[in-house]
Amino acid sequence: MAAAGLLMLANTYLIFMWAPTEATLGHVQRILYIHVPMAWLAFFAFFVVFVGSVMYLWKRQRRWDALASSAAELGVLFTTLVLITGPIWAKPVWGVWWTWDARLTTTLVLWLIYVGYLMLRSYGVNRSQGALYSAVLGIVGFVDVPIVYFAVDWWRTQHQRLVIGGATLEGNLHPDMRTTLFFSLASFTLLFLVLLWQRVSMKRTETELEALEGSQELMGGRSV
Amino acid sequence: MSPAPGTPAIEATGLHKSFGVAPVLRGLDLRVEWGRVLVVFGANGSGKTTLLRLLAAQYRPDRGRVVVGGIDRSRDPSSIRRMIGVVAHQPMLYQDLTCRENLTFFGRMRGLNDLPRRVDEALRRVGLEARRHRRARALSHGMQKRLALGVATLHDPPVLLLDEPASGLDQEALAGLRGMFSSASGGRRAVVMVTHNLERGLEWADEVAVLSGGVIAYKAEREGLDEGRFEEAYRGGLR
Amino acid sequence: MRGVKGLLWPVFLVARKDLLVEFRSREVVIGSAVFAVTLVVIFNFALNITPETVDILAPGVLWAAFSFAGVLAMSRAFVTEKDQGSLEGLLLTPVSRDSIYFGKMLALFIFMTAVEAALLPVFAVLFDFSAFSPTLVGAVLLATLGFAAVGTLFSAVAVNTRSREIMLPILFFPVVSPVIIGAVEATTGAIGAGVSAAGPGRWLQLMAVFDAVFLVLCPWLFSLIMEE
């Protein structure tokens, strides 16, 4: 926890003070150090959802569901941040807030799939059914991602792009920029793991508490 | 399918099932021998239907084992489904198919041979011969229950699971249902019925059990039933 | 136990039962066909389709109509089964859950294809294109198969949730978005408006891959969730 906090502080320093300012784009380029780790973590989170879902369907142990659903919550959070930071980055670089390119479109579709995942959980008749059904979506969604990406990518290459120009994301980075990016990736990943751990243990506590309440109800029923 | 000799009809051990908040079953054990009619009483929400669905291999227990006719659910749920006939609370029928078509469809799904004869027999058994070409939709609730009974017993199942079967049935149909029970005494069949109708349950039972607090809180022979303890277990579940 | 016949016979039984029920009630096919036509009329107003733009817009309108009508059809696939309790009866039979999935999927595929087959000539007249190119037929069949594969699973999932009418399209559309893209592009190529550089063949391949993946994945997931 503390380590993650310190790292995030150091990370902020690197991003805003230490990393050199990009020549043509200026300060707005610094959003790269947040945008890229967010995107990586979103995909990583959905991979965790996939693993948790497969394990839940196999073992039917609640902890796997807790892992999958916690990762899905974080994944949706990070995808949302990607979708917010993306346009802020795109506007000065491409001249538009949004363009239907492969990466942006896939991210948007991804966001929709996992928002559906979270909705499915809350609309289920009961908890175990919600866990079961969302595991299905956790698997279907992850398998679908590469197909979505290819489809959108081919589709894009067939239609003229609106605006192309400016720097690409991974273009030639100054060594200090590169260092900052990697540092940011590492510290955000650690932050993600800490958040995931927190969320999973919170869910475990919730389950234990409910189990306690449940058994008290039953005990009470019999003794009174 | 003839029951394997020496094994009980139903053996459930340490069944746990929860759908989220409170556990419904908490380590339930149950054993039913061939030729017996077990009636399980329990208040609303005590887990009676959940228990039946676990025995019918519709649900998968969180923990514990279900063995029906010597077959373990976790190995071969299909064979268990072949042995079991279920009459549920709601008639499980296709409303746009006729009585005959309903019976024929479910019979084919079970891969039954000699199906036309079985269907005719089932129609006669539940007194729907005259209405064989009526759609289920056009039948009264009681008639639908009868048809559901016909579907459930089409394959002459060695194990019958009944969830409040008597609700909506008239005297004649009840007598028919009772008739199917009597063959249980021949040792060929085992019946588990869940109900909260004390009077009828006690009348039909060889054994009675009370489901309360997620376990079988009391189980005894119908003959020599300790009414005090039975009441206590049953009322315990009501609070 | 009874091998291939043991798997295929129940598939046929379930599909035939669905067709018989549909033949009597007629709510799925006619309902979704009328809905599709309504959508085309709405799109006509919304997009102001003229002879100059029809080639560019027609494939999109066509597939928007087909996919929305498809969702309407698939939402019925399990709603009736669930509400009259017959789904439970179906699951109590000893047939494999795969067979039940494929039976339901086959019936859904037939319903959707029937609606599309009836509407294609109508659209061909309205938008002035030839409905009988092999590419177009291939695109319709592959896309419908993909819709049915995913739709059967999601319909079985959505029917058990509280707001089933909302959940099905929310789950369905993002996942089948590659199929919709592929179908639109292949149709564009087929009716000759092609700016399509790669040609429609590539899109048919993409849809075939999607179908193959989900025809393996969905029945497996279906059989897992049908035993709660």
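The side chains of R199(A) and E73(A) form a salt bridge, with 2.6 Å from N to O. The model is predicted. The bridge links distant parts of chain A: R199(A) belongs to helix α6 (residues 175–223), and E73(A) to helix α3 (residues 62–94). R199(A) has a relative accessibility of 22% and so counts as partly exposed. E73(A), with a relative accessible area of 27%, is also partly exposed. Over all chains, the count comes to 26 salt bridges. Side chains of opposite charge can pair when their charged atoms come close.

A salt bridge also joins D62(B) and K17(B), at 3.9 Å from N to O. D62(B) sits in the loop between α1 (48–55) and β4 (63–68) of chain B, and K17(B) in strand β1 (residues 10–18), so the pair ties together parts 45 residues apart in sequence. D62(B) is partly exposed, because its relative accessibility is 44%. K17(B) is buried, because its relative accessible area is 4%, where the cut-off for buried is under 20%.

Chain B meets chain C through 31 residues of chain B and 29 residues of chain C. The area buried between them is about 2,900 Å², with 56% of it on carbon and sulfur atoms. R81(B), Y94(B) and M109(B) supply 24% of the area that chain B buries against chain C, more than any other three residues. The interface of chain B and chain C has 2 salt bridges. In one salt bridge, E88(C) pairs with R53(B) at 3.0 Å, N to O. On the side of chain B that touches chain C, α2 (77–83) and α3 (99–109) each supply at least two residues. By class, that side has 13 nonpolar, 7 polar and 11 charged residues.

R24(C) and E101(B) meet in a salt bridge of 2.7 Å, N to O. The pair crosses between chains, running from helix α1 (residues 3–25) of chain C to helix α3 of chain B. R24(C) is partly exposed, as its relative accessibility is 25%. E101(B) is partly exposed too, with a relative accessible area of 23%. Within chain C, salt bridges that share partners join K17(C), D18(C), E81(C) and K104(C) into one network.

Chain A also touches chain C. Here 30 residues of chain A are in contact with 33 residues of chain C. About 3,000 Å² is buried between the two chains, and carbon and sulfur atoms give 73% of this area. The count of salt bridges between chain A and chain C is 0. Polar contact is found for 5 residue pairs, both residues at pLDDT 80 or more. On the side of chain A that touches chain C, the elements giving two or more residues are α4 (102–123) and α5 (127–158) of chain A. The largest share, 17 residues, comes from α5(A). This side divides into 22 nonpolar, 6 polar and 2 charged residues.

Aromatic rings were examined next. The whole structure holds 29 aromatic pairs over all chains. In chain B, Y94(B) and F106(B) are stacked, with 5.9 Å between centres and 20° between planes. Y94(B) lies in the loop between β6 (84–87) and α3 of chain B, while F106(B) lies in helix α3, 12 residues apart. Both Y94(B) and F106(B) are buried.

In chain C, the rings of W63(C) and F147(C) are edge-to-face, because their planes stand at 70° and their centres are 6.3 Å apart. W63(C) belongs to helix α3 of chain C, and F147(C) to helix α6 (residues 134–158). They are 84 residues apart, and the pair links distant parts of the chain. W63(C) counts as buried, at 1% relative accessibility. F147(C) is buried as well, at 0%. Ring pairs link both into a cluster with F66(C), F68(C), F123(C), F127(C), F172(C) and F173(C).

Helix α3 (residues 54–83) of chain C also holds D55(C). D55(C) is partly exposed, with a relative accessible area of 33%. D55(C) and A117(C) are 62 residues apart in sequence. In space, the C-alpha atoms of D55(C) and A117(C) are 20 Å apart.

Definitions and conventions:
Residues are numbered from 1 along each chain as its sequence is written. Chains are lettered from A and ligands numbered from 1 in the order in which they are written. Side-chain values use heavy atoms; hydrogens and water are left out. Contact means heavy atoms within 4.5 Å. Buried area is the accessible area (1.4 Å probe) that two parts lose on being put together, summed over both. A salt bridge is a side-chain nitrogen of Lys or Arg within 4 Å of a carboxyl oxygen of Asp or Glu. A polar contact is a pair of N or O atoms within 3.5 Å; within protein, one must be able to donate a hydrogen and the other to accept it, and residues adjacent in sequence count only if both atoms are side-chain atoms. Helices (H or I, at least four residues) and strands (E, at least two) are DSSP runs, numbered from the N terminus. Ala, Val, Leu, Ile, Met, Phe, Trp, Tyr, Cys and Pro count as nonpolar, Asp, Glu, Lys and Arg as charged, and the others, Gly among them, as polar. Buried means under 20% relative accessible area, exposed over 50%, partly exposed in between (1.4 Å probe, protein chains only). Rings of Phe, Tyr and Trp (its six-membered ring) pair if their centres lie within 6.5 Å; planes under 30 degrees apart count as stacked, over 60 as edge-to-face and the rest as tilted.
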